[in-house]
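Here is a protein model to read alongside some questions and answers. Each answer works towards a value or a name.

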Amino acid sequence: MWEIYEHRSVVRKLPRIPIEVLKRYEKWKDIVTISGPEGLRWIMGFHDEALRGEWQGCRSSRLGLKYRLIYRIEDEKLYVQVVDITAHDYRRK
């Protein structure tokens, strides 16, 4: 089983995110908890991919046409940290 940790800023953003996106986020968490990030490869709608440039070392999953989830895998198969849920603006804060 994988553990998912959400950054404080993500927790604060959740009430302002559309319901459809929140439902996909909950499904994303279910998949990652059970089968890890490898499980996301089987579901094409999430379009999981590694990021480059300033976000190198992080990954992105699609939660809708506009929203992306940015996360980082740490401690080899034990820990997934959700860094941000954003309206497709990848500028580092």
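Two residues are in contact when they have heavy atoms within 4.5 Å. The model discussed here is predicted.

Q: Which residues is serine 61 in contact with, leaving aside its neighbours within four places in sequence?
A: Serine 61 is found in strand 3, residues 59-62. Once the neighbours within four places in sequence are left aside, the residues in contact with serine 61 are Trp28, Leu40, Phe46, His47, Asp48, Tyr67, Arg68, Leu69 and Tyr71.

Q: Is serine 61 buried or exposed?
A: Buried means under 20% relative accessible area. The relative accessible area of serine 61 is 0%, so this residue is buried.

Q: What is the bridge partner of serine 61 in strand 4?
A: Strand 3 and strand 4 run antiparallel and are joined by four bridges. A hairpin of five residues links strand 3 to strand 4. Within strand 4, the bridge partner of serine 61 is leucine 69.

Q: What is the length of the polar contact that joins the side chains of serine 61 and tryptophan 28?
A: Tryptophan 28 is on the list of residues in contact with serine 61. The side chains of these two residues are joined by a polar contact of 3.1 Å.

Q: Is the aromatic pair of tyrosine 25 and tryptophan 28 stacked or edge-to-face?
A: The structure holds two aromatic pairs. In the pair of tyrosine 25 and tryptophan 28, the ring centres are 6.3 Å apart and the angle between the planes is 15°. Planes under 30 degrees apart count as stacked, so the pair is stacked.

Q: How many residues apart in sequence are the parts that tryptophan 28 and tyrosine 71 tie together?
A: Tryptophan 28 counts as buried at 0% relative accessibility. Its ring and that of tyrosine 71 have centres 5.1 Å apart and planes at 65°, so this pair is edge-to-face. Because tryptophan 28 lies in helix 2 and tyrosine 71 in strand 4, the pair ties together parts whose separation in sequence, in residues, is 43.

Q: Which residues form one aromatic cluster?
A: Tyrosine 25 and tryptophan 28 both lie in helix 2, three residues apart. Tyrosine 71 is buried, with a relative accessible area of 0%. The cluster is made of Tyr25, Trp28 and Tyr71.

Q: Which element gives the largest share of the largest nonpolar core?
A: The largest nonpolar core has 18 residues, and those touching the most other members are Tyr25, Trp28, Leu40, Leu63, Leu69 and Ile85. Two or more residues each come from helix 2, strand 4 and strand 5. The largest share, five residues, comes from helix 2.

Q: How far apart in space are histidine 7 and valine 82, C-alpha to C-alpha?
A: Histidine 7 is placed in the loop between strand 1 and helix 1. Leaving aside neighbours within four places in sequence, histidine 7 is in contact with Gln81, Val82 and Val83. Histidine 7 and valine 82 are 75 residues apart in sequence, but from C-alpha to C-alpha the distance in space is 6.1 Å.

Q: What pattern does the protein follow, read along the sequence?
A: The secondary structure comes to two helices and five strands. Read along the sequence, these follow the pattern β-α-α-β-β-β-β.

Technical notes: Residues are numbered from 1 along each chain as its sequence is written. This is a predicted model: local features need pLDDT of at least 70, side-chain atom pairs count only at pLDDT 80 or more; totals for chains, interfaces and linings use all residues. Side-chain values use heavy atoms; hydrogens and water are left out. A nonpolar core is a set of buried Ala, Val, Leu, Ile, Met, Phe, Trp, Tyr and Cys residues joined through side-chain atoms within 4.5 Å. Buried means under 20% relative accessible area, exposed over 50%, partly exposed in between (1.4 Å probe, protein chains only). A polar contact is a pair of N or O atoms within 3.5 Å; within protein, one must be able to donate a hydrogen and the other to accept it, and residues adjacent in sequence count only if both atoms are side-chain atoms. Two strands pair if DSSP finds at least two bridges between them. Rings of Phe, Tyr and Trp (its six-membered ring) pair if their centres lie within 6.5 Å; planes under 30 degrees apart count as stacked, over 60 as edge-to-face and the rest as tilted.
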